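Subject: Handover of a structure and its description

Dear colleague,

Please find below the structure that I am passing on to you.

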Amino acid sequence: MFPTPNSDPGKKRPFKINLWWMYAIVLLFLLGIYYLDDNSVTRTVSYSDFESYVVKDHGIRKIVVYTDKRMAEGFLTDSLAHELFKGNGIGDTQIVAKVETDIPSADKFDSKIDEWRASGAFTGDVKYERSSQFSSFLWSLAPIVILVIAWIWIMRRMSGGGGAGGGGGVFSVGKSKAMLFDKNNANKVTFKDVAGLSEAKTEIEEIVEFLKNPKRYTDLGGKIPKGALLVGPPGTGKTLLAKAVAGEANVPFFSMSGSDFVEMFVGVGASRVRDLFRQAKEKAPCIVFIDEIDAVGRARGRNANMGSNDERENTLNQLLTEMDGFGSNSGVIILAATNRADILDKALMRAGRFDRQIYVDLPDLPDRVAIFKVHLRNIKTDSSLDIELLARQTPGFSGADIANVCNEAALIAARNNKSVVTKEDFSAAVDRIIGGLEKRSKITTAEEKRSIAIHEAGHATVSWHLRYANPLVKVTIVPRGKALGAAWYLPEERQITPSQVILDEICATLGGRAAEEVFLGRISTGAANDLERVTKQAYAMVVYYGMSDRLPNLSYYDSTGQDYGFTKPYSNERAQIIDEEVSRIITEQYERAKEILRKHAEGHAKLTEVLITREVIFTQDVIDIFGERPWKSRTDEILAEDPRLLPTAEDKESSENSENSESSENAENSENAENSESSENPNS
């Protein structure tokens with residue numbers, strides 16, 4: 001493995017200036033001046049005053065004549081010093097008081113001293129010296145030295161310390177910010193930490209194997225792929241796969257985000273691309289990973305009416321040139337990840353740049369089992385925990401969602417002072433993630449509670465009597481998140497969806513609103529989320545899937561993402577037909593739901609009473625009222641055969657206790673709570 005730039009013991013490290021060094025230099029300079037200069041106070045006076053101090057005051061006890069500077073210093077007596085330097089610490093024996101003056105010449109001043117001696121005005125010593133230039137030299141040179149050092153330090157800070165991606169200063173904005181990983185990385189991830197994704201791992205492992213043993217492939221005339229693009233929904237493990245490559249490959253691994261190329265200065269993105277590939281070529285063979293490449297790889301010329309981002313396009317042009325230009329990039333493999341492959345530029349997607357597109361899809365059942373096993377390694381679980389059952393209860397969950405479920409279950413178990421994490425903790429974690437936190441303290445009146453129970457029982461009744469509706473797991477009227485009630489289902493995992501399946505799902509979703517109209521004679525805002533979902537489903541049937549009688553086999557969905565988005569691809573007359581078809585589909589399924597409810601009104605009433613009493617119903621409760629479903633699916637068999645999906649005595653006891661406490665709260669507080677929040681019906 002190649003070492004990082006600062007880990008090579010034989011490489012001479014660049015000299016760096018620290019700010020504390022400047023402080024030390026200034027301090028040493030001041031100390032030097034303090035100790036080199038004598039400990040004295042000096043005042044410059046005129047020649048006449050100097051003579052007056054000698055003749056009249058008899059205050060000069062010693063005279064020093066500097067022959068080269070035509071200057072004389074007089075050392076004052078204590079009495080005159082106190083008079084001239086009041087408040088300057090003259091009482092301290094360490095302080096010497098002096099006066100200095102300019103003299104005509106040393107010879108003339110010597111004659112004057114003889115006169116003072118003859119008159120008795122001066123009886124002290126006289127010394128003739130040459131002045132020291134060292135102190136003056138320091139005072140004159142030191143500011144220049146300090147300015148030079150400060151200038152060098154500022155320039156090095158602005159240039160980022162002289163290294164690529166260094167301090168991030170003004171002169172380093174064009175340097176690549178890529179992180180270099182080596183085998184000594186503390187957070188090392190390997191392929192054994194990546195569960196599932198068997199097909200994607202096979203292709204990624206082949207790239208790593210090519211770097212480790214290229215002769216095995218080149219002997220047959222094969223060439224290493226220049227790049228691989230990881231595409232898939234968020235949370236499916238694209239970045240984790242790249243980290244595993246960094247942990248497995250014995251070559252340098254550069255990691256960088258697409259947004260790291262973006263900067264406010266013009267031309268910086270292209271400069272960083274060039275610097276990144278320059279470093280990669282120096283370390284070849286190596287791998288370069290660009291996360292969220294759609295930040296710079298968006299198709300050029302998009303939204304031409306609004307003007308394009310020239311800086312981003314220049315960055316993309318430079319990236320295209322570096323990936324497959326005239327220059328040789330042998331040994332440099334590009335890995336990139338995105339969940340928006342439809343908006344990437346076509347030139348970026350062609351063979352020769354990204355030779356492979358690896359689709360990282362949501363995990364299926366076996367993959368979810370493997371992912372659970374990975375995330376349960378460090379969690380103390382109950383020995384009776386069935387991992388396959390957990391995987392079946394979480395269809396449509398990504399790897400990140402499963403990791404969140406495991407962590408949330410451990411937190412719930414710790415909150416309840418348990419020694420191990422049990423099945424109930426995982427069920428509560430799934431409910432918490434899908435529906436939100438329980439809000440038993442939310443105040444609802446008895447009338448509102450009955451309305452919510454009728455609504456949720458309507459969903460359960462209609463879905464139970466539809467062949468393709470998802471089998472019911474649990475229904476509750478305990479508020480969770482923004483929802484006043486929720487229903488949990490266990491959907492079939494299908495690769496394709498027939499039209500009747502979508503119609504049954506729309507009908508089951510409308511069962512709550514239909515129950516309100518049939519059994520209460522009025523409707524409420526509790527079905528807002530249901531109506532939003534069925535409208536999108538009906539619109540998709542007509543516009544995307546071509547499942548309309550009046551508009552068969554037509555799809556207005558652009559999977560390439562190249563449309564401008566300002567005009568519709570159909571006329572106003574066609575738009576009116578689409579609206580009519582969407583309304584027809586929803587109306588037919590709404591009437592169908594009301595017909596099912598009228599037919600099974602007695603069973604619906606029993607479900608409503610159970611919900612009001614216990615606040616939660618399970619699959620077995622619906623079976624006891626309506627009997628077994630005539631349509632059997634693999635999911636139905638799981639629900640029927642596995643007793644762990646049935647309500648336990650503990651569940652029933654807790655629901656009864658919560659009902660008693662809720663009833664007492666409703667009796668004390670009869671004010672109406674806000675009922676404008678949506679009653680969600682999430683499919684887990």
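Two strands are taken to pair if DSSP finds at least two bridges between them. Helices (H or I, at least four residues) and strands (E, at least two) are themselves DSSP runs, numbered from the N terminus. With these terms, Ser255 in the pairing discussed below stands opposite Phe289 in strand 9.

The model is predicted: local features need pLDDT of at least 70, side-chain atom pairs count only at pLDDT 80 or more, and totals for chains, interfaces and linings use all residues. Residues are numbered from 1 along each chain as its sequence is written, and side-chain values use heavy atoms, with hydrogens and water left out.

Overall composition

The protein chain holds 25 helices and 14 strands. Of its 684 residues, 44% are buried, where buried means under 20% relative accessible area, exposed over 50%, and partly exposed in between (1.4 Å probe, protein chains only). The chain exposes about 36,100 Å², and carbon and sulfur atoms supply 52% of that area; accessible areas come from the Shrake-Rupley method with a 1.4 Å probe, and for residues only the protein chains shown count as cover. Among contacts (heavy atoms within 4.5 Å) with a separation of 6 or more, 76% are between residues 24 or more positions apart.

Strands 8 and 9

Strand 8 (residues 253–257) is mostly covered, with four of its five residues buried. Five bridges join strand 8 to strand 9 (residues 286–291), and the two run parallel.

An open sheet of three strands has the order 13-12-14, with antiparallel pairing. Strand 13 (486–489) and strand 14 (616–618) are its edge strands, each pairing on one side only. On average, neighbouring strands of this sheet are turned by 10 degrees against each other, direction ignored. For this and the angles below, axes are lines fitted to C-alpha atoms, for helices over the stretch in contact, and angles run from 0 to 180 degrees between N-to-C directions. Strand 12 (residues 472–476) is joined to strand 13 by four bridges, and Leu472 stands opposite Tyr489 in strand 13. Helix 17 packs on the sheet by touching strand 12 and strand 13, and its direction makes about 25 degrees with that of strand 13. Helix 22 (residues 601–614) also packs on the sheet, touching strand 12 and strand 14, with its direction at about 125 degrees to that of strand 14.

Helix 20 (residues 528–543) has 16 residues and reaches 22 Å from its first C-alpha to its last, close to the 22 Å expected at 1.5 Å a residue. The expected span is 1.5 Å times one less than the number of residues in the helix. Its buried residues include Asn529, Asp530, Val534 and Met541, and the buried residues of helix 20 pack against helix 17 (446–464), helix 18 (499–509) and helix 21 (572–599).

Helix 21 has 28 residues and reaches 41 Å, close to the 40 Å expected. Among its buried residues are Glu581, Gln589, Tyr590 and Lys594. The buried residues of helix 21 pack against helix 17, helix 18, helix 19, helix 20 and helix 22.

Nonpolar cores

A nonpolar core is a set of buried Ala, Val, Leu, Ile, Met, Phe, Trp, Tyr and Cys residues joined through side-chain atoms within 4.5 Å. The largest has 28 residues, and those with the most contacts inside it are Val462, Leu466, Ile506, Val542 and Ile578. Helix 17, helix 18, helix 19 (511–520), helix 20 and helix 21 each supply at least two residues of this core. Helix 21 gives the most, with nine residues. Apart from this core lies another, of 27 residues, among them Val374, Leu385, Ile402 and Ala409.

Two loop residues

Val420 has its place in the loop between helix 15 (399–415) and helix 16 (423–435). Val420 counts as partly exposed because its relative accessible area is 28%. Leaving out residues up to four places away in sequence, Val420 touches Lys380, Thr381, Asp382, Ala413 and Asp425.

Arg353 lies in the loop between helix 12 (346–349) and strand 11 (356–359). Its relative accessibility is 11%, so Arg353 counts as buried. Beyond its neighbours within four places in sequence, the contacts of Arg353 include Lys226, Leu320, Asp324 and Leu348.

With kind regards
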